[in-house]
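Dear colleague,

Please find the structure below, handed over for your use. My notes on the fold and its charged side chains follow it.

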Amino acid sequence: MPFDALENDRLIRALLKQPVDRTPIWIMRQAGRYLPEYREIRKSVPNFMSLCQNPKLACEVTLQPLERFDLDAAILFSDILTIPHAMGLGLHFAEGEGPIFDHPIRNAADVKRLKVPDVKNDLGYVIDAVTTIKYALKNRVPLIGFAGSPWTLATYMIEGGSSKNFSKIKAMLYSTPELLHDVLSLLAESVTQYLNAQINAGANAVMIFDTWGGLLTEPAYLEFSLTYMQKIVAGLIKHNHQGVVPNILFTKGGGLWLEHIAATGCNAVGLDWMINIGDAKRRIGNQVALQGNLDPAVLYGTPEVIQKEAKQILKDFGKGTGHVFNLGHGIHPDIDPERVKVLVDAVKGFYD
């Protein structure tokens, strides 16, 4: 298909700190379990990964929130664990337990078996989904591609799934750091190739989710998380057929290290809800755009509370471009979709 100009390019312009008529808004995990139409599709497939691996269904799920809400971007429906899955770690999702790997990484022999996935052959279903979604969007809004950060992916691969204390990966970090660096280097190369393939397929922006970077001390964060995200940023394709492709780095719990994150060369820094966006702007807003940062739990509140909290963030950011409104983390699965509409309308109505 021809890569024509985007009808709505607010997101791209804001990420590049160019003038916009209003703050763009999208929502992390905007396609997912809180939508009844998603749950209907989920019932039609045997498991979560089979949904991710079906480009047609992934496209349908990606577009669902755009049919309900006047959002300024679509985000690819997929999962951050597609790369470890492609590495042969035996990923499956257990009801109520989350992701589980049958073959976690625990020693040097396990690390030696790891290889950078071939994106075309091992992750081609994701790239096919990007192509399918781009065609269906008809350049209505930008499409965001994404991947997990090397550190965050490594936590799942080494712990064997979700964790409460992350003891296995932290034990590796402090006892055999060279082994962990081998894993992270491999993952950084994998993520770079994966995101570049998404960009070549038409993604208009890409985001790196560092969900568990905030677990680390500052020296450990800089060495084992941020260093590898910086390598990815340096290796990303910066343009595709539709122009500049900005990137967003998001570390949950990373408010202490904003200056370091902004210095990676990224275009935008995602903020969780634990930092005031006005303070973040004063610290790094002259370098990068900011994305965030409503507490997802606010969406349990009344419409009046949602409107008040959203407007406060917009006021705290203040005048000027460089802000993408979002939650400070993914939307909770039991949120009433009508509350999302209230939020979107509140952000748009702020400028009326």
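This is a predicted model: local features need pLDDT of at least 70, side-chain atom pairs count only at pLDDT 80 or more; totals for chains, interfaces and linings use all residues.

Asp110 counts as buried, at 12% relative accessibility; buried here means under 20% relative accessible area, exposed over 50%, and partly exposed in between (1.4 Å probe, protein chains only).

Residues are numbered from 1 along each chain as its sequence is written, and side-chain values use heavy atoms, with hydrogens and water left out.

The salt bridges come to eleven by the rule above. Asp72 and Arg22 form one of them, at 3.0 Å from N to O. This pair links distant parts of the chain, 50 residues apart: Asp72 is in the loop between helix 4 (55-68) and strand 1 (74-75), and Arg22 is in the loop between helix 1 (10-15) and helix 2 (36-43). Both Asp72 and Arg22 are buried. They also belong to a network of salt bridges that links Arg10, Asp21, Arg22 and Asp72.

A further salt bridge joins Glu67 to Arg140, with the closest N and O atoms 3.4 Å apart. Here too, distant parts of the chain are linked: Glu67 lies in helix 4 and Arg140 in the loop between helix 8 (124-137) and strand 4 (143-148), 73 residues apart. Glu67 is exposed, at 58% relative accessible area, whereas Arg140 is partly exposed at 33%.

As for the chain as a whole, it has 16 helices and eleven strands; these are DSSP runs (helices H or I, at least four residues; strands E, at least two), numbered from the N terminus. Buried residues make up 56% of the 352 residues. Of the contacts (heavy atoms within 4.5 Å) between residues at least 6 apart in sequence, 73% join residues at least 24 apart. Along its principal axes, the C-alpha trace spans about 60 × 45 × 40 Å.

Yours sincerely

How values were computed
A salt bridge is a side-chain nitrogen of Lys or Arg within 4 Å of a carboxyl oxygen of Asp or Glu.
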